[in-house]
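Please consult the sequence and the model while reading this briefing.

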Amino acid sequence: MEEQLKIYRLVPNAPLDDPQWMDRPPQGEIVVRARTSGDARLVASEAELDFTEVDALPAEGNSTDMASAFRSEKLYTVIEDVSGRFSAEGPREVVEGRVRTDTIVPVQVD
């Protein structure tokens with residue numbers, strides 16, 4: 001049986017001068033295909049670069065995915081998109097919007 005997915009919009013809901021944006025810049029609205037609203041937050045955060053994927057602190061084995069702004073209810077709200085603009089058929093993924101991957105920079109340069 002095929003998995004039932006839905007379309008969700010992750011929309012920033014904190015003002016740009018909110019101090020919570022300080023260490024995780026706003027990325028605008030993102031549209032994802034996911035199982036639930038909670039899963040939508042995971043899909044968006046998984047699209048971001050994680051410290052374990054580059055040579056950067058805190059070090060190997062220490063994930064920073066929990067620090068994603070997409071996981072914060074104070075920074076992003078999740079809204080189910082029932083407009084029909086996007087198909088619910090397909091993999092769990094970001095279907096519209098740009099998730100930044102330049103928020104973490106390697107400490108070593110070749």
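The points below are grouped by topic.

The structure is a predicted model. A search of the whole structure finds eight salt bridges.

**Confidence of the prediction**

- The average pLDDT of the protein is 81, and 72% of the residues score at least 70.
- Among the elements, β2 has the highest mean pLDDT, at 98, while α1 has the lowest, at 94.
- Residues 51–56 have a pLDDT below 50, and this stretch makes 19 contacts in the model beyond near neighbours in sequence.
- The pLDDT is also below 50 over residues 104–108, a stretch with twelve contacts beyond near neighbours in sequence.
- Where pLDDT is low, the predicted coordinates should not be read in detail.

- Strands β1 and β2 run antiparallel and are joined by five bridges.
- Isoleucine 7 stands opposite arginine 33, which belongs to β2.

**The helix and its packing**

**Salt bridges around arginine 35**

- Side chains of opposite charge can pair when their charged atoms come close.
- Glutamate 3 and arginine 35 form a salt bridge in which the closest N and O atoms are 2.2 Å apart.
- This pair links distant parts of the chain, 32 residues apart: glutamate 3 lies in the segment before β1, and arginine 35 in the loop between β2 and α1.
- Glutamate 3 counts as partly exposed because its relative accessibility is 41%, and arginine 35 counts as partly exposed because its relative accessibility is 40%.
- Arginine 35 also forms a salt bridge with aspartate 39, with 3.7 Å between the closest N and O atoms.
- Aspartate 39 has a relative accessible area of 7%, and it is therefore buried, the cut-off being under 20%.
- Through salt bridges that share partners, Glu3, Arg35, Asp39, Glu46 and Arg92 are joined into one network.

**The salt bridge between arginine 9 and glutamate 29**

- The side chains of arginine 9 and glutamate 29 meet in a salt bridge, at 2.7 Å from N to O.
- This pair, too, links distant parts of the chain: arginine 9 is in strand β1 and glutamate 29 is in the loop between β1 and β2, 20 residues apart.
- Arginine 9 counts as partly exposed because its relative accessibility is 24%.
- Glutamate 29 is likewise partly exposed, with a relative accessible area of 35%.

Methods: Residues numbered from 1 in each chain as written. Predicted model: local features only at pLDDT ≥ 70, side-chain atom pairs only at ≥ 80, totals over all residues. Heavy atoms only, no water. Salt bridge = Lys/Arg side-chain N within 4 Å of Asp/Glu carboxyl O. Helix = DSSP H or I, 4+ residues; strand = E, 2+ residues; numbered from the N terminus. Buried < 20%, exposed > 50% of the residue type's maximum accessible area, 1.4 Å probe, protein only. pLDDT = per-residue confidence, 0-100. Contact = heavy atoms within 4.5 Å. Pairing = 2+ DSSP bridges.
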